[in-house]
Amino acid sequence: KPMHVGHIRSTVIGDAISKILKFLGHTVITDNHLGDWGTQFGMIIYGYKHFRDEEAFAKAQVAELGRMYRVVQKIISYQSTVAGLAEQEKNLTLAVQKLATLEAKQSEAPSDKKIAKEWKSAQNAVKEQEQAILKSKETIAAVESTPQFKQLCDEHSNLESRVLKETSKLHHGDKENLALWEAFLPFCKEEIHGIYKRLNVQFDHEFGESYYHDMLPAVVDDLLSRSLAEPSEGAVCVFLEGYDAPMIVQKQDGAFLYSTTDIATAMFREREFGPDVSLYVVDHRQSEHFQKLFAVLEKIGLTHTLFKHVSFGTVMGNDGKPFKTRAGDNIGLESMLDEAIARAWEVVCDPERLKKARLELSEE
């Protein structure tokens, strides 16, 4: 997918840390952990098989892959919204009933602070459910106001399940899906590397998620043999003290997760590089994931390395929410760099500025 403004921080912060540590005399190994194997490729493969525009793909492969990805996301979002509306309405009914009960109690005991607090909380719960239903209905109405897109949604029912099947086929070595993945990846990497070149950022390694795929069954077996993981509701989970939710390392359908790949990655780096410190430059939304990961790595004996999450904030859109590729209206990083250079050029070459500074600059 094309890099957007939200992707720049990990790149620039990581590169800055790398250069500072090298300057201080440390041996630094940089590894760009590309997400080149997950469900997003199931979405793109499905999109390519059903929604591709041949002419657009021939002209700009990554842009067309991104468009197909967003079409699949939009259909899945619509279908899950429709499916969840009945549950939301049921929850609203229950919230209204609870509010009515508390209103009756409050009228009987108007000075009871505990009841007043519960009544206020119940009021908020009703408002939240009403707002959620309103948002769902707006989403549904927006899709259904476009008959052509609504028809796509109907033709591709249960799309999330279909995407998961395509992802599963890829992960199990299906020839067609593997061939498509191998065809898409060079285009994706070429676009990303173009950005890195402009930013003057280089990496020693780019072991993406796909590199670790064959190692993942052994990771789960190792965790089970050490009694660190256990079966739970069909999945395999690591239960950690102090956390409400476990770290899932294998889903019910046998698929692996980021957590499994991250454990395999840390074990690989320990074998290959033996680092004293391992820094993960990823935004703050992944903080709990890394806390769990580091706890598991300690339990399996990776105590030689100090693991640290270098956390940073997110770039927000006008709606106050972090940018997401599927939204399709993000500021592309390529175009942002173009604009930054154009603005810098205007400043440098402003004749009034040059005159005041008594500078004469060549075109170069």
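Which residues make the nonpolar surface patch of about 330 Å²? Val347, Val348, Leu359 and Leu361 do. Take Val347 as the example. Val347 sits in helix α12, residues 333–348. Its relative accessibility is 48%, so Val347 counts as partly exposed.

One caution before I go on. This is a predicted model.

Now the overall picture. The protein has 364 residues, and 34% of them count as buried. There are 13 helices and 5 strands. Along the principal axes, the C-alpha atoms fill a box of roughly 85 × 60 × 50 Å. The accessible surface is about 22,200 Å². Carbon and sulfur atoms hold 52% of that surface. Then the contacts. Take those with a separation of 6 or more: 71% of them join residues 24 or more positions apart.

Next, the inside. The largest nonpolar core has 37 residues. Leu65, Val72, Ile75, Leu159, Val163 and Phe184 have the most contacts inside this core. At least two residues each come from α2 (39–51), α4 (61–108), α5 (113–144), α6 (147–155), α7 (159–171) and α8 (175–199). Helix α4 gives the largest share, 13 residues.

Look at Val72 for a moment. Leaving aside residues up to four places away in sequence, Val72 touches Met43, Tyr46, Gly47, Phe51, Leu159 and Val163. There is also a second, separate core, with 25 residues. Val236, Val238, Met247 and Val296 are among them.

On to charges. How many salt bridges does a search of the whole structure find? The count is 16.

Pair one is Asp31 with Arg269. Their closest N and O atoms are 2.9 Å apart. Asp31 lies in the loop between α1 (8–23) and α2, and Arg269 lies in helix α10 (residues 258–272), so this pair ties together parts 238 residues apart in sequence. Buried or exposed, what is Asp31? Asp31 is buried, because its relative accessibility is 18% and the cut-off for buried is under 20%. Arg269 is buried too, at 13%.

Pair two is Asp338 with Arg198, again a salt bridge, 2.9 Å from N to O. Asp338 belongs to helix α12 and Arg198 to helix α8, so parts 140 residues apart in sequence are tied together. Asp338 has a relative accessible area of 39% and is partly exposed. Arg198 is at 34%, which also counts as partly exposed.

Asp283 is buried, at 13% relative accessibility. Arg285 is partly exposed, at 45%.

Then the network. Salt bridges link Lys49, Glu166, Lys169 and Glu176.

Last stop, Thr305. Where is it placed? Thr305 is in the loop between α11 (287–299) and β5 (306–310). Thr305 counts as buried, because its relative accessibility is 6%. What does its side chain reach? The side chain of Thr305 reaches the backbone oxygen of Pro275, at 2.8 Å.

Note on methods: Residues are numbered from 1 along each chain as its sequence is written. This is a predicted model: local features need pLDDT of at least 70, side-chain atom pairs count only at pLDDT 80 or more; totals for chains, interfaces and linings use all residues. Side-chain values use heavy atoms; hydrogens and water are left out. Helices (H or I, at least four residues) and strands (E, at least two) are DSSP runs, numbered from the N terminus. Buried means under 20% relative accessible area, exposed over 50%, partly exposed in between (1.4 Å probe, protein chains only). A polar contact is a pair of N or O atoms within 3.5 Å; within protein, one must be able to donate a hydrogen and the other to accept it, and residues adjacent in sequence count only if both atoms are side-chain atoms. Patches are made of residues with over 30% relative accessible area and no salt bridge: like charges are joined within 9 Å, nonpolar side chains (Val, Leu, Ile, Met, Phe, Trp, Tyr) within 5 Å. Accessible areas come from the Shrake-Rupley method with a 1.4 Å probe; for residues, only the protein chains shown count as cover. A salt bridge is a side-chain nitrogen of Lys or Arg within 4 Å of a carboxyl oxygen of Asp or Glu. Contact means heavy atoms within 4.5 Å. A nonpolar core is a set of buried Ala, Val, Leu, Ile, Met, Phe, Trp, Tyr and Cys residues joined through side-chain atoms within 4.5 Å.
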